Amino acid sequence: MNQSRPKAKLSRSLGIPLTPKCVKYFERRPYPPGVHGRARRKETDYKVRLLEKQRLRHQYNVSEVQMRRAFAEAHRGTGKTGERMVVALECRLDSLVLRAGFARTIYQARQAVAHGHIAVDGRKVDRPSYKVQPFQTIAVREKSRDKTPFQVAAAGAHVGARTAPYLSTAIADLRTTLIRLPERTEIPVLCDEQLVVEFYSR
């Protein structure tokens, strides 16, 4: 699935709305795009696992290479591989910028990081994949705070549905701290990560 596809069509293909704007389109047409979208399709085990992997990948807006790397790192650790993989993805800098309410979507969060608007512990970080550690503080850089998207964020426009118990956020100051690693049950992504593990383990 191409990440450059229109988000509404991609959302319908994956079975989940990827952005707030896509919600109304998805509700109106909650079936895959195309002339055969409404038809009942035969789902093989491989296709089910592939779809679940794609759903997770697109919710975090990461490449296939980044997904495989996250799986490989989780597989080397102890505990449940699927949960470790999701936690690792959640601790990416762009993911936490989104959860803190500094951006409306994961796409906007990634752009904010890549364009140099975000600092970690006072130092500019422009890598969306940067792995944030507990007790590190993320903030919008001082010179970027007067930009309209961040003024909107500071007013609390995006924070309502994205308050995360693993973050301590001062939204008006555009600052948040990762106070601990997330629990899988706290992470708001729709995914059966065990199917993703099975996909990569085949």
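Trainee: Which residue in E5 does Ala139 stand opposite?
Mentor: This is a predicted model. E3 and E5 pair in the antiparallel sense, over three bridges. Within E5, the residue opposite Ala139 is Arg175.

Trainee: In what order do the five strands form the open sheet?
Mentor: Strands of a sheet pair through backbone hydrogen bonds, either parallel or antiparallel. Here the pairing is antiparallel. The sheet is open, and its order is E2-E1-E3-E5-E4.

Trainee: Which strands stand at the edges?
Mentor: An edge strand here has a single partner strand, so one side of it is left without a neighbour in the sheet. That applies to two strands, residues 123-124 and residues 167-170. They are E2 and E4.

Trainee: How many bridges join E4 to E5?
Mentor: Strand E5 covers residues 175-178 and runs antiparallel to E4. Leu167 has Leu178 as its bridge partner in E5, and Ser168 stands opposite Thr177. The number of bridges joining E4 to E5 is four.

Trainee: Which residue in the turn between E4 and E5 has a positive phi?
Mentor: E4 and E5 form a hairpin, with four residues between them.

Trainee: What is the bridge partner of Val120 in E3?
Mentor: Strand E1 (residues 118-120) and strand E3 (residues 137-140) run antiparallel and are joined by three bridges. The partner also touches Val120, along with residues including Leu93, Val97, Leu174 and Arg175. In E3, the bridge partner of Val120 is Ile138.

Trainee: Is Asp94 buried or exposed?
Mentor: Asp94 lies in helix H6, residues 93-99. Its contacts include Tyr60, Ile106, Ala109, Arg110, Val113 and Pro128, and a polar contact of 3.0 Å joins its side chain to that of Arg92. The relative accessibility of Asp94 is 0%, below the 20% cut-off, so Asp94 counts as buried.

Trainee: How far apart are the C-alpha atoms of His58 and Ile16?
Mentor: His58 is placed in helix H3, residues 45-60. It is buried, because its relative accessible area is 2%. Along the chain His58 and Ile16 are 42 residues apart, and their C-alpha atoms are separated by 10.0 Å.

Trainee: What covers the buried residues of H9?
Mentor: Helix H9 spans residues 193-201. Its buried residues are Glu193, Leu195, Val196, Val197, Phe199 and Tyr200. What covers them includes H3, helix H4 (64-76) and helix H5 (81-90).

Trainee: How many disulfides does the structure hold?
Mentor: Cys91 counts as buried at 1% relative accessibility. Cys191 is also buried, with a relative accessible area of 15%. A disulfide would need a pair of cysteine sulfur atoms within 2.5 Å. The number of disulfides in the structure is zero.

Technical notes. Residues are numbered from 1 along each chain as its sequence is written. This is a predicted model: local features need pLDDT of at least 70, side-chain atom pairs count only at pLDDT 80 or more; totals for chains, interfaces and linings use all residues. Side-chain values use heavy atoms; hydrogens and water are left out. Buried means under 20% relative accessible area, exposed over 50%, partly exposed in between (1.4 Å probe, protein chains only). A polar contact is a pair of N or O atoms within 3.5 Å; within protein, one must be able to donate a hydrogen and the other to accept it, and residues adjacent in sequence count only if both atoms are side-chain atoms. Contact means heavy atoms within 4.5 Å. Two strands pair if DSSP finds at least two bridges between them. Lists of a residue's contacts leave out its neighbours within four places in sequence.
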